[in-house]
Amino acid sequence: MKVTLLNVKSKRKECINKDFMGGFGWAFNAGNSLGAKIINFLKKRGEALPIMSFGYLAAIFASDGHEVSCATNIIPDSDLVIMSSSMVDYGFEIDLAKHIKKKGIKLGFIGPFSGFLPELFLDACDFIIKGEPEQAAMDISSGGIKEGVIESPVVKNLDSLPFPRWDIFPVKDYSYAPVLWEKPFLPVLSSRGCVNNCNYCPYVISYKYRARSVNNVIAEIKYLKERFRIKGMIFRDPLFGLKKDFVINLCESILKEKLRLKWVCETKLDLLDKGLLDIMREAGLQVLNTGIESTNIDSLKRLGRSQLENIKQEEIIRYCDKLGIKVTAFYMLGLPEDTVEGIENTIRYAKLLNTNVAQFFIHTPFPGTEYFNNVKKEILEKDWHKFDCYHPVLRHKNITNDELLKLKELAFTSYYFRLKYILKFIWRNLRNFFTN
C-alpha cells in the first residue's frame with residue numbers, strides 16, 4: 001500500500017505551527033503596526049518544526065512494508081493519505097481533502113481538532129483517528145482501512161514505539177532560529193501529556209502523562225546523531241523533566257555518551273533548581289521555554305494553574321541568565337479576571353524579567369477543555385480560524401476586543417523595541433558565541 005503523510009501548508013500570511021497548543025496549532029500575529037510587522041517577518045523566517053505524529057506514523061507503516069512518503073499541498077498518487085487537522089487552518093485542510101477524495105483515494109485525519117469536532121471533517125474523509133494515532137495506525141497498517149471515527153487508545157509503554165522516521169521529510173528545513181541556530185535540527189519526545197490541572201490547557205485533555213526510559217531516549221538521540229548528524233534538538237514534551245531523577249540520569253547519559261548537542265525544552269519553573277540547571281546546561285541545554293502566564297495570580301488559581309512566587313521565578317530566570325541559558329517566557333492576555341491595568345502590569349513584569357524571548361498569547365478556549373465548556377455562552381467568534389491564540393474570540397467582562405488587540409500589539413512592540421532588551425540580546429548572543 002502506498003501511504004502519503006500530507007502536510008498542508010497554509011495560505012495564511014502568519015507564521016503557523018500546527019503541532020503547538022496540543023496539536024490545535026497557532027498562527028503568530030504580533031499586530032499590524034510597522035514594528036509588529038517586523039516581528040512577524042522575523043518569526044516566519046526562523047522557526048520550522050515537523051508534526052511529531054507524522055514521524056511515528058511513517059515508522060509504523062514502513063515497518064509493515066508499506067511504501068511511505070510525505071508531500072505538501074498536492075493530490076498524491078497513493079492508496080491512503082493521512083492529514084493532520086488543526087484549528088487554525090482547518091478550512092484549507094478540508095478543501096484539499098475533498099479534492100483528494102474525489103480521486104477515489106482513501107483519506108484520514110488525525111489531531112485533536114478533528115477528534116473533538118468530527119462533524120466538520122467527516123464529509124471530506126473516510127475516517128478520523130481520535131486520540132493518539134499510533135495504535136489506530138498499527139491496526140490500519142496490518143488490518144486494512146476503516147471508516148468513521150476511530151477511537152485510538154493511548155500508548156501505555158512509549159518505549160514500545162519505533163523511533164520516528166524522518167528520512168522522508170525535509171530535515172534540512174527544520175529550524176529553531178533565531179534562539180538556536182544549530183542545524184540539522186529535529187524534535188524528540190521523552191514524555192507525553194501533563195499532570196497539571198490548568199483547565200484551559202489542551203495537553204491535559206489530549207494525552208495522559210507517561211514517560212519513556214532514559215535508555216530509550218538516549219538510543220533515539222544516538223540514532224539521530226548517526227543518521228542525520230543533528231547538532232540541535234528540541235524536547236517536545238509539554239512538561240519536560242517532571243521527575244528530577246530522570247533529568248539527571250538523562251543529562252549524565254548525554255555527557256557520558258559525548259553526544260555534544262544543543263537542545264531546547266519546555267517545563268515549569270517550580271520543577272527546577274540551581275543544581276539541576278547546572279547539569280542541564282552542561283549537557284547542552286541552550287533554551288528553556290516556560291509559562292509565566294500573568295501577574296494575575298488569583299485568576300490563574302481559578303483556572304487551576306499553580307505558580308511560583310515572583311521572587312522565586314526571578315531567581316530561577318536570573319540563574320539561567322548567569323549560565324547562558326536563554327529563556328522564552330509565555331504570557332497570556334485576557335484571562336477571565338484581567339483588566340487593562342492588570343495586563344499592563346503583566347507587560348511591565350515581562351520587561352522586568354527581560355527574557356531572551358517573550359511570547360504574548362490572547363487567552364483562547366480550546367474544544368474539549370473545561371474552560372471551553374465554562375465560557376461557551378461568551379464565545380462571539382464562529383470562525384474557528386480565529387481561535388489561533390492571537391485573536392480575541394470571547395466577550396470579556398472587563399476589556400473590549402479592540403483593547404485586547406491593542407494591548408497584545410503593545411506587549412510585543414514595547415518589549416522588543418527597548419534599548420535594554422536590544423543590548424541584552426546582543427550580549428547574550430555574543431557570550432554564547434564565544435563560550436559554546
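Reply: We may begin with a salt bridge, that of Asp-173 with Lys-172, whose closest N and O atoms are 3.4 Å apart. The model is a predicted one, in which local features need pLDDT of at least 70 and side-chain atom pairs count only at pLDDT 80 or more, while totals for chains, interfaces and linings use all residues. Residues are numbered from 1 along each chain as its sequence is written, and side-chain values use heavy atoms, with hydrogens and water left out.

Me: Why is the contact of Asp-173 with Lys-172 called a salt bridge?

Reply: The term requires a side-chain nitrogen of Lys or Arg within 4 Å of a carboxyl oxygen of Asp or Glu. The pair has its closest N and O atoms 3.4 Å apart, and therefore qualifies under that limit of 4 Å.

Me: What makes Lys-172 exposed, and what is Asp-173 called?

Reply: Buried means under 20% relative accessible area, exposed over 50%, and partly exposed in between (1.4 Å probe, protein chains only). Lys-172 has 63% and is therefore exposed, whereas Asp-173, with 41%, is partly exposed.

Me: Which parts of the chain does the salt bridge of Arg-236 and Asp-19 link?

Reply: Their side chains meet at 3.8 Å, N to O. Arg-236 is in the loop between strand S12 (232-235) and helix H8 (244-256), and Asp-19 is in the loop between strand S2 (15-17) and strand S3 (26-28), 217 residues apart. Helices (H or I, at least four residues) and strands (E, at least two) are DSSP runs, numbered from the N terminus.

Me: Are Arg-236 and Asp-19 buried or exposed?

Reply: Arg-236 has a relative accessibility of 10% and so counts as buried. Asp-19 is buried too, because its value is 14%.

Me: Why is the pair Lys-106 and Asp-126 said to tie parts together?

Reply: The closest N and O atoms of the two residues are 3.8 Å apart, in a salt bridge. Lys-106 lies in strand S6 and Asp-126 in the loop between helix H4 (112-116) and S7, so the pair ties together parts that are 20 residues apart in sequence. Lys-106 is partly exposed at 32%, whereas Asp-126 counts as buried at 13%.

Me: What sheet is formed in the order S4-S1-S5-S6-S7-S8, and what makes its edge strands edges?

Reply: Six strands form an open sheet in that order, with parallel pairing. Strand S4 (67-72) and strand S8 (148-151) are the edge strands, as each pairs on one side only.

Me: Why is Ile-129 called buried?

Reply: Ile-129, which has its place in strand S7, counts as buried because its relative accessibility is 1%. Contact means heavy atoms within 4.5 Å; leaving aside neighbours within four places in sequence, the contacts of Ile-129 include Phe-109, Ala-136 and Ile-150.

Me: How many bridges join strand S14 to strand S15?

Reply: Six bridges join strand S14 (residues 285-293) to strand S15 (residues 326-333), and the two run parallel. Val-287 stands opposite Lys-326 in S15.

Terms used: Two strands pair if DSSP finds at least two bridges between them.
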